[in-house]
Number of protein chains: 2
Amino acid sequence: METIILKEDCVVLLDQTLLPERLEYVECRDVESLAEAIMSLRVRGAPALGVAGAFGLALAAMHSKGVGRREVLSDLEAACARLKSTRPTAVNLFTAVKVVMDAARASDDPRAAAVDAAKRVFEEDVSMNKRLEKIGAELFDDGDVVLTHCNAGSLATSGRGSALGVIKEAARQGKNLTVFADETRPLLQGARLTSFEMVDAKIPVTVITDSMAGFVMKNRGVSKVIVGADRIALNGDTANKIGTYGLAILAKAHDIPFYVAAPTSTIDSQSRSGGDIEIEFRSRGEIEFFNNVRIVPREADVLNPAFDVTPAEFISGIITEKGVFYAPFDFGL
Amino acid sequence: METIILKEDCVVLLDQTLLPERLEYVECRDVESLAEAIMSLRVRGAPALGVAGAFGLALAAMHSKGVGRREVLSDLEAACARLKSTRPTAVNLFTAVKVVMDAARASDDPRAAAVDAAKRVFEEDVSMNKRLEKIGAELFDDGDVVLTHCNAGSLATSGRGSALGVIKEAARQGKNLTVFADETRPLLQGARLTSFEMVDAKIPVTVITDSMAGFVMKNRGVSKVIVGADRIALNGDTANKIGTYGLAILAKAHDIPFYVAAPTSTIDSQSRSGGDIEIEFRSRGEIEFFNNVRIVPREADVLNPAFDVTPAEFISGIITEKGVFYAPFDFGL
């Protein structure tokens, strides 16, 4: 099962909004359709968004009608601006499009350079993910009961996933793990995607509502919490799916280690602390309706932050492809 | 808007599963249809379940074909057993049916005694609620930002509600309050019912997913949390809608007072601590499907505890019609 593929003339995405009931791929033939797919979360997850951004620029390069270097670069700049406008919090998207743009700008043949650089972003994401999995798996023990939030799996990356990649690697090594997956409202990435990946990997998984996390920590022997990240500040403060902050507080109250798993590309050298991280607010419709059924009265307000920031003090360790970082966090950047 | 009414030959319920889109009443003409309505949450909320149980026995008395005292009592016993089998955690249901049964057993005319006692349960619930509201409103200040979970409002009681009754009374006294309502998965009582009641009372309300509670406590100035209760143990440990326990931990981590509002009929003299409280587990379908759309893969497990227990140490005060109780809790029972 592939999450995102670059073909000769299009980017093919597994449409994650249809899972687990339908496994369908969509073809994005231009940057605008890819940008729409990113905004509507057909593709999501910080590392996968990096690859999607890079592939978006490859698409722009392949389809550019520019005849000279300058015209191609101009098309790439426009595509870059559009892609960066889609999701403000995931730093990987910004990092990846910068890598591709830098390669294009430095080359006599920006078209070829953009496509090559985009493919390298993908390949590096895959190999980075493998290193991260091995490093993270060391922290898990036979018999661990693991709670996770949202989906930091193969659907969110080019590999087997950050948080879920670690779980899958530990299981592959023969450790018996059982997983609780928060359903992750409002878009249910945990119920729909994480459970799907765990079933696929033959790892026992139990879906709970987000509000049951405290209950299972207290009554069902949760021994580790692991989540992904959308942006990590230099002091270790971590932005991740809304609800992660509360989960970290609950983990601390129950003396349960709380791990973040993310590639170092998620660390944002421009954010000194969590206060510097821009939080994306999404539409009220995601909470107001469920599958076109109104569940909130028209007259009520709705708040829909897509992410929250977990202060570094609640994080037991940040698992990256370069090793596990512990407080006080110093990523050497 | 009435939640539950006893008529000459039936019990009429506002069908809360259809709110906020449709305001429809259902008529229960026998105990079985009322029991079904309780199990499917057409009527819910601890105090309202007490009234529903009492009215169920009134219904059994009115429809009993028994000719003598013994036969009527036998019909009442059968109805009592059926009603008690519906929801194990709400102690008010058990208390109310016991009050009605005791009155019937002590009378020469159990039919009339049961109907009279059921009406008294309702009237006492209304007057108790008014006292509780006034006592609780004293704890709230102009400008308070209040977070609540599930629905402890007029839809859950015969009055204006326990937690929401307090909020409405404080607002009626001229205090400007704003309310955050957790949507309360899986059945969305906060999104559907609490927001509906707040809009009706002209109190500004913002619906959030349960996972956003930490975010709004940290970033939106939440100054008080107030919830209802389904059963309170003698040491103050409180069973309430799943998610309440986590919310109490979050409130403590943010130094926000956490109040429980409930009539003293919610205190269970048989439960010395939270460990004695039976927790109802409901069907996996409530989490697996949303409006008939599958959101969890068939092969994944699901856990669905309807309630959790908040230890007394996390509770700043328990607001009852007899006053506010503080730790160490001693209800004088």
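Reader: How many salt bridges does the rule find across the interface of chain B and chain A?

Author: This is a predicted model, and the rule asks for a side-chain nitrogen of Lys or Arg within 4 Å of a carboxyl oxygen of Asp or Glu. One pair that meets it is Arg298(A) with Glu21(B), at 3.8 Å from N to O. Across the interface of chain B and chain A, the number found is four.

Reader: Of the side of chain B that touches chain A, how many residues are nonpolar, how many polar and how many charged?

Author: Several elements of chain B each supply at least two residues of that side, among them helix 7 (189–200), helix 8 (213–219) and strand 14 (307–310). By class, the side of chain B that touches chain A has 12 charged, 10 polar and 31 nonpolar residues.

Reader: What is the area buried between chain B and chain A?

Author: The contact involves 53 residues of chain B and 53 residues of chain A. Carbon and sulfur atoms give 72% of the buried area. Of the area that chain B buries against chain A, 14% is supplied by Ser211(B), Phe215(B) and Leu303(B), more than by any other three residues. The area buried between the two chains is about 4200 Å².

Reader: Which residue in strand 13 of chain B is the bridge partner of Val207(A)?

Author: Strand 6 of chain A, residues 205–208, pairs with strand 13 of chain B in the parallel sense, over two bridges. In strand 13 of chain B, the partner of Val207(A) is Val302(B).

Key:
Residues are numbered from 1 along each chain as its sequence is written. Chains are lettered from A and ligands numbered from 1 in the order in which they are written. This is a predicted model: local features need pLDDT of at least 70, side-chain atom pairs count only at pLDDT 80 or more; totals for chains, interfaces and linings use all residues. Side-chain values use heavy atoms; hydrogens and water are left out. Contact means heavy atoms within 4.5 Å. Buried area is the accessible area (1.4 Å probe) that two parts lose on being put together, summed over both. Helices (H or I, at least four residues) and strands (E, at least two) are DSSP runs, numbered from the N terminus. Ala, Val, Leu, Ile, Met, Phe, Trp, Tyr, Cys and Pro count as nonpolar, Asp, Glu, Lys and Arg as charged, and the others, Gly among them, as polar. Two strands pair if DSSP finds at least two bridges between them.
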